[in-house]
Amino acid sequence: MKYTFKCPACGQPVEVEAENDDEAVDKLMAAGDVHQKEVHAEMPPMPQDQMRNMVREQMTKEESQAA
């Protein structure tokens, strides 16, 4: 499945492929860390547990298209 989380600071979508919600949260957290360092380097990082909860609550998922 494709999971998407929109950056709350700039609205840029971060997308990952994952088998389930837990894997998606882990992948989105990692991708979000990269995005934060590249795009929002001036912003202090959010506490990990707070970020994890926000990602889990706000991420969206859609079925991957079968080829």
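Reader: What should I know about the model before I start?
Author: The model is predicted, so local features need pLDDT of at least 70, side-chain atom pairs count only at pLDDT 80 or more, and totals for chains, interfaces and linings use all residues. Residues are numbered from 1 along each chain as its sequence is written, and side-chain values use heavy atoms, with hydrogens and water left out.

Reader: How many helices and strands does the chain have, and in which order do the elements run?
Author: Helices (H or I, at least four residues) and strands (E, at least two) are DSSP runs, numbered from the N terminus. Here there are two helices and three strands. From the N terminus the order is β-β-α-α-β.

Reader: What does the radius of gyration say about the chain?
Author: The radius is taken over C-alpha atoms, and the globule rule is 2.2 Å times the number of residues to the power 0.38. For 67 residues, a compact globule would have a value near 11 Å; the chain has 12 Å, which agrees. Its C-alpha atoms fill a box of roughly 40 × 20 × 15 Å along the principal axes.

Reader: How is burial read, and what share of the residues is buried?
Author: Buried means under 20% relative accessible area, exposed over 50%, and partly exposed in between (1.4 Å probe, protein chains only). In this chain, 27% of the 67 residues are buried.

Reader: Is Phe5 buried or exposed, and which residues does Phe5 touch?
Author: Contact means heavy atoms within 4.5 Å. Phe5 is found in strand S1. Phe5 counts as buried because its relative accessibility is 5%.

Reader: What about Thr4?
Author: Thr4 also has its place in strand S1 (residues 2-6). At 13% relative accessibility, Thr4 counts as buried. Beyond four places in sequence, Thr4 touches Pro13, Val14, Glu15, Gln58, Met59 and Thr60.

Reader: Where is His35, and with which side chain does His35 make a polar contact?
Author: His35 sits in helix H1 (residues 21-39). His35 counts as buried, at 8% relative accessibility. A polar contact is a pair of N or O atoms within 3.5 Å; within protein, one must be able to donate a hydrogen and the other to accept it, and residues adjacent in sequence count only if both atoms are side-chain atoms. The His35 side chain makes one with the side chain of His40 (3.2 Å).
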